[in-house]
Amino acid sequence: AAKGDGRDRYALFDPAMYADILREAEERAELERALALEEFVVHYQPIVDLPTSRLIGVEALVRWEHPVRGMLGPGAFIPLAESTGLIVPLGRWVLRQACEQLAAWRTEFDTASGIRVNVNLSARQFQHEGLVEEVAGILRETGVDPHQIVLEITESLLMQDTESTIDTLGRLKALGVRLAIDDFGTGYSSLSYLKRFPVDILKIDRSFVDDIDTVDGDATLAEAVVQLGRALQLQTVAEGIETAEQWSTLQDLGCEYGQGYLFAKPGAASEISSILGGARV
Ligand code: C2E
Ligand code: MG
Ligand code: MG
Ligand code: MG
């Protein structure tokens with residue numbers, strides 16, 4: 001028996017592992033093909049001023065128009081894009097699309113001069129050496145006002161190698177873009193961490209907004225995050241507002257901006273065009 005165990009332990013070929021590797025290679029190839037064929041599309045979700053529910057900006061959210069599987073959300077392919085590194089060219093494509101779209105909106109609608117366009121950056125993109133030059137190039141080539149661009153980064157990113165993170169954030173800020181921390185409150189950033197990074201906006205994670213609607217209507221955590229943002233003089237945006245009750249509680253707490261299905265789901269650029277053209281959110 002001991003001999004058998006030993007042999008298993010030194011097995012070099014594991015059919016299950018081989019199948020995994022094959023599948024990942026296939027999926028990677030499919031994602032590469034999709035990038036080359038531009039099967040991706042960027043949807044935009046309104047971000048509103050809470051007291052008036054007026055549009056103040058949009059968040060760019062990528063989708064994959066898969067020829068067989070239909071429209072896929074980011075959950076279906078962003079993890080693979082991250083593990084394969086394809087998030088770098090994909091993210092660059094999303095940023096370019098979003099900037100081109102903003103430039104088009106500005107040409108068509110006077111109202112577009114006051115909005116901001118948020119774009120998500122994954123940790124992998126952030127660590128990519130050419131990031132700052134690429135962002136600068138896209139801003140220059142599309143001619144958008146950098147102040148209208150907000151880059152959303154995750155809290156976990158701030159927990160990594162701090163020296164180079166602060167350096168990259170500083171160089172991005174120097175381009176004129178604004179920085180937001182996405183899904184804020186789900187990581188472990190402390191006050192002292194936050195003070196060291198040149199961020200402008202906190203996006204309060206949906207889980208805190210959800211808590212407002214629990215049986216006892218517990219808004220304690222949402223309140224704490226809003227107060228933290230105010231103490232640090234950062235703008236606060238609540239994510240995932242689905243009910244009128246959440247909307248009103250967040251206003252009572254002093255949260256300035258919000259985003260969620262209550263106002264609008266992510267949609268095609270044309271839906272934002274209708275709003276900019278005069279329709280309310
Ligand atoms: P996120 O950046 O936190 O984006 C907000 C997500 O919450 C979006 O999901 C949006 O559709 C969803 N959402 C908004 N309002 C509500 C609401 O009221 N209720 C609920 N239940 N959900 C709401 P989506 O589009 O599926 O994106 C998921 C995540 O994928 C994003 O989370 C972001 O982390 C990532 N992602 C999306 N596009 C990109 C991209 O271009 N680059 C990178 N790196 N990540 C992206
Ligand atoms: Mg985001
Ligand atoms: Mg978020
Ligand atoms: Mg999220």
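How do the residues of the lining of the largest pocket divide into nonpolar, polar and charged? The points below take up this matter and the spaces around it.

1. Basis of the note. This is a predicted model, in which local features need pLDDT of at least 70 and side-chain atom pairs count only at pLDDT 80 or more, while totals for chains, interfaces and linings use all residues. Residues are numbered from 1 along each chain as its sequence is written, chains are lettered from A and ligands numbered from 1 in the order in which they are written, and side-chain values use heavy atoms, with hydrogens and water left out.

2. Lining of the largest pocket. The lining divides into 12 nonpolar, 9 polar and 10 charged residues (Ala, Val, Leu, Ile, Met, Phe, Trp, Tyr, Cys and Pro count as nonpolar, Asp, Glu, Lys and Arg as charged, and the others, Gly among them, as polar). A pocket here is an open set of points on a 1 Å grid over the protein atoms alone, with protein on both sides within 12 Å along at least five of seven lines; lining residues have an atom within 4 Å of a point.

3. Extent of the pocket. The largest pocket holds about 800 Å³ of space (the space filled by probe spheres set on grid points joined across faces, edges and corners). Its lining numbers 31 residues, of which E59, L61, P74, N120 and D182 are the closest to its centre. Strand β2 gives the largest share of this lining, 5 residues.

4. Ligand 1. The largest pocket is the space taken by ligand 1 (more than half of the molecule's atoms lie within 2 Å of the grid points). Around the ligand stand 23 residues (each with a heavy atom within 4 Å), and the closest are R63, N120, D182, E242 and Y261. By class, this shell has 9 nonpolar, 6 polar and 8 charged residues.

5. Polar atoms at the ligand. R63 places a polar side-chain atom 2.9 Å from an oxygen atom of ligand 1, and N120 likewise has a polar side-chain atom 2.9 Å from an oxygen atom of the ligand. For E239, a side-chain N or O atom is 3.3 Å from a ligand oxygen atom.

6. The cavity. What lines the largest cavity? Its lining includes V88, G91, R92, L95 and L121, and the residues divide into 6 nonpolar, 3 polar and 2 charged. A cavity is a set of grid points where a 1.4 Å probe fits but cannot get out. The volume of the largest cavity is about 70 Å³. Helices α4 and α6 (131–142) each supply at least two residues of its lining (helices, H or I, have at least four residues and strands, E, at least two, as DSSP runs numbered from the N terminus).

Terms used:
A polar contact is a pair of N or O atoms within 3.5 Å; within protein, one must be able to donate a hydrogen and the other to accept it, and residues adjacent in sequence count only if both atoms are side-chain atoms.
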